[in-house]
Amino acid sequence: MFDTLSDRLSNVFDRLRGRGALSEQDVRDAMREVRVALLEADVALPVARDFINRVTERAVGQEVLKSVTPGQQVIKIVNDELIAMLGGDDDGAGEAQPLNLNVTPPAVIMMVGLQGSGKTTSTAKIAKLLKDKEGKKAMMASLDVNRPAAQEQLAILGEQAGVATLPIVPGQQPVDIARRALNAAKLQNIDVLLLDTAGRLHVDEALMAEMKAVASEADPAEVLLVVDSLTGQDAVNVAQSFTDEVPLTGVVLTRMDGDARGGAALSMRAVTGKPIKFAGTGEKLDAIERFHPGRVADRILGMGDVVSLVERAAETIKAEDAEELAQKMMAGKFDLNDLRKQLQQMQSMGGLGMLAGMMPGMKKAKAAMQASGMDDKALVHMDAIIGSMTQKERANPALLNAKRKKRVAAGSGRSVQEVNKILKMHQEMGRAMKQIRKMGGLKGLAAMFGAGGGIPGMGGGGGMPGLPGMGGGMGGLPPDIQNLINKK
């Protein structure tokens, strides 16, 4: 989502890093480029202006211009101010803002937003997250009596998420539905009740009045505004309209995985004064995450997001599977079935682009992947190739002679050259494991970096393969170790 903005800022900061000393004019010139980059990203003009003023005021101080690394100091200031703009705490922690659920049950979460913003799906996603990760007993109720089949849609999503939904009573009005939902939640000892209100236009006074009546009846602990990131600058106007009508407590940004320029996310906190609490990252019901201003700021500045990567790996990869795979690799028994599992894990963690974007220093590698035409379809193609092999061929790749390779290529709809690339990747990983074994295994390798074990399934317990077509190595290692592992 922030790719264009990130590229522009990276270019500005690369020039700052390349200078041994900075003058006040150097800083002001750089900030002028940053301001243009923010405006091109659709950040609201007052927000961009305030941001640049704060950064410039701090960056032209003596502690920056007279420091040993003034370029790095400026970048740190920009990072701190980005975190503050996105809703980080005053202490610069940049952590996610929790939901206020410490009230007498049921805690009511009221979802509001425009038509088509993804409100109903976001309701189900948040309910599923609260149920699965926080152990809350949740219930959902649809108050949308205007959109055809809206209530049925929420009921279906409830079944998929494993969350109870209020039974539908045809003809009942929103305020009455809210009252019935509250009574039902109390009777069933529900911890959290989520009310999905009707999508509305901010110029529709009747629907706005209805929304305020529901809020008065339900007394919600949280009123979350759902905003589509793709609406850009207009999202700010939407947020302002809702802020004037109901006491918002937070924002949910949807389609954060899209190609929006990021202006809505960067402007929302400044306009509403409320934190962004969740970010939708896909269409599936588990594709939602808590919004961490610090992590998002790091991604924008090309610093990666290792913490989120670790969390995603921990959620996706089972520890026992990673340990089993690590033992097989150390014993030299890593076959194509195991390689296929690794590729599938990469897919489930978000694909090549997502992983590269979250790893520090991988910005250029990600650009190289895009330039070469490599995308997440490459993982699907490789999975198809391995799936076209027989069980014996997967267990013993040496059986794949020219005739068998042609059969596998035809069965997967790919070329013989691509089959050869898969086999080469497998061989390179085998060589890498032999080198690691000589160095004392994974524990010995971790000890060299002062590490305690690594990310499950990513070198510290299973060894995720290097990105296909990019050396087959372990991307985060220092160059000398990287070369050793990749040695042919």
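What volume does the largest cavity have? In this predicted model, in which residues are numbered from 1 along each chain as its sequence is written, local features need pLDDT of at least 70, side-chain atom pairs count only at pLDDT 80 or more, and totals for chains, interfaces and linings use all residues. Side-chain values rest on heavy atoms, with hydrogens and water left out.

The answer is about 90 Å³. A cavity here is a set of points, on a 1 Å grid over the protein atoms alone, where a 1.4 Å probe fits but cannot get out, and its lining residues have an atom within 4 Å of a point. Grid points are joined across faces, edges and corners, and the volume is the space filled by probe spheres set on the points. By this rule there are four cavities of 30 Å³ or more. The lining of the largest cavity includes Met140, Gln151, Thr165, Ile177 and Arg180. At least two lining residues come from each of β2, α7 and α8; helices (H or I, at least four residues) and strands (E, at least two) are DSSP runs, numbered from the N terminus. Eight of the lining residues are nonpolar, three polar and one charged, where Ala, Val, Leu, Ile, Met, Phe, Trp, Tyr, Cys and Pro count as nonpolar, Asp, Glu, Lys and Arg as charged, and the others, Gly among them, as polar.

Helix α8 deserves a look of its own. Its 14 residues, 174-187, reach 20 Å from the first C-alpha to the last, close to the 20 Å expected at 1.5 Å a residue, the expected span being 1.5 Å times one less than the number of residues. The buried residues of α8 are Pro174, Ile177, Ala178, Ala181, Leu182, Ala184 and Ala185; buried means under 20% relative accessible area, exposed over 50%, and partly exposed in between, with a 1.4 Å probe and protein chains only. An α-helix has 3.6 residues a turn, so residues three or four places apart point the same way. The buried residues of α8 pack against β1 (107-113), β2 (138-142), α7 (150-161), β4 (192-196) and α9 (205-218), a contact being heavy atoms within 4.5 Å. Just after α8, Asn189 takes a positive phi of about 55 degrees.

Salt bridges come next, each a side-chain nitrogen of Lys or Arg within 4 Å of a carboxyl oxygen of Asp or Glu. The whole structure holds 16 of them. In one, Glu217 and Arg179 meet at 3.3 Å, N to O. This pair links distant parts of the chain, with Glu217 in helix α9 and Arg179 in helix α8, 38 residues apart. Glu217 is partly exposed at 30% relative accessibility, and Arg179 is partly exposed at 35%.

Arg407 and Glu393 form another salt bridge, at 2.7 Å, N to O. Here Arg407 lies in helix α20 (residues 402-412) and Glu393 in helix α19 (residues 391-395), 14 residues apart. Arg407 counts as partly exposed at 38% relative accessibility, whereas Glu393 counts as buried at 0%.

Finally, Thr272 sits in helix α11 (residues 263-272) and is buried, with a relative accessible area of 8%. Leaving aside residues up to four places away in sequence, Thr272 touches Ala239, Thr243 and Val251. The C-alpha atoms of Thr272 and Thr249, 23 residues apart along the chain, are separated by 9.2 Å.

Technical notes. On a 1 Å grid over the protein atoms alone, a cavity is a set of points where a 1.4 Å probe fits but cannot get out, and a pocket is an open set with protein on both sides within 12 Å along at least five of seven lines; lining residues have an atom within 4 Å of a point.
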